[in-house]
Amino acid sequence: MDCIFCKIVNKEIPAAIVYEDDNILAFNDVAPQAPVHILVIPKEHVQGIADFDDSPVLGIMFAVMKKLAIEHGLDRTGYRIVVNQGQDAGQAVPHLHFHLLGGRKMTWPPG
Ligand code: AMP
């Protein structure tokens, strides 16, 4: 499958991996939008949140993000978790991913 995140999962292309287990991979975003910008993905190829059932992996992904936030000291300052789902949200990579962003003050609402 010609999916860039599947290629990262399969170690066909490199990434700065910060967490891995049987079902989940987390790696630094190649074009960070904040001092901490980590992408957390299911290893299974699902296009987006709409295609992911109520798999327990979803809950574990949130536990992983909480752990990564603590590791980066973001639990003290705050952080944002974002999913861009589909065209209007600007989803560029059609493999479900959570953006974990932190280390700077953020604005609201998003553009
Ligand atoms: P989205 O717009 O939500 O689909 O976000 C896709 C994200 O993937 C962007 O923040 C990109 O910078 C990031 N990205 C694309 N290719 C790579 C890659 N090879 N390694 C790490 N991050 C990537």
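By class, the shell around the ligand holds nine nonpolar, six polar and one charged residues, where Ala, Val, Leu, Ile, Met, Phe, Trp, Tyr, Cys and Pro count as nonpolar, Asp, Glu, Lys and Arg as charged, and the others, Gly among them, as polar. The model is predicted, with local features needing pLDDT of at least 70 and side-chain atom pairs pLDDT 80 or more, while totals for chains, interfaces and linings use all residues. Residues are numbered from 1 along each chain as its sequence is written, and side-chain values use heavy atoms, without hydrogens and water.

The ligand is surrounded by 16 residues, the closest being D29, N84, A92, H97 and H99; a residue is near if one of its heavy atoms lies within 4 Å.

| Protein atom | Ligand atom | Distance |
|---|---|---|
| V30, polar backbone atom | nitrogen | 3.2 Å |
| V93, polar backbone atom | oxygen | 3.0 Å |
| H99, polar side-chain atom | oxygen | 2.8 Å |

Taken alone, the ligand exposes 510 Å², of which the protein buries 82% (Shrake-Rupley method, 1.4 Å probe). Two or more residues of the shell come from each of α1 (4–9) and β2 (24–28), and α1 gives the most, with three residues; helices (H or I, at least four residues) and strands (E, at least two) are DSSP runs.

H97, listed for "active site" in an unreviewed UniProt entry, sits in the loop between β4 (79–82) and β5 (98–102). H97 counts as buried because its relative accessibility is 6%, buried meaning under 20% (1.4 Å probe, protein chains only). A polar side-chain atom of H97 lies 2.6 Å from the backbone oxygen of H95.

Terms used
A polar contact is a pair of N or O atoms within 3.5 Å; within protein, one must be able to donate a hydrogen and the other to accept it, and residues adjacent in sequence count only if both atoms are side-chain atoms. UniProt positions are given in the numbering used here, feature names are shortened, and annotations may be inferred rather than shown by experiment. Buried means under 20% relative accessible area, exposed over 50%, partly exposed in between (1.4 Å probe, protein chains only).
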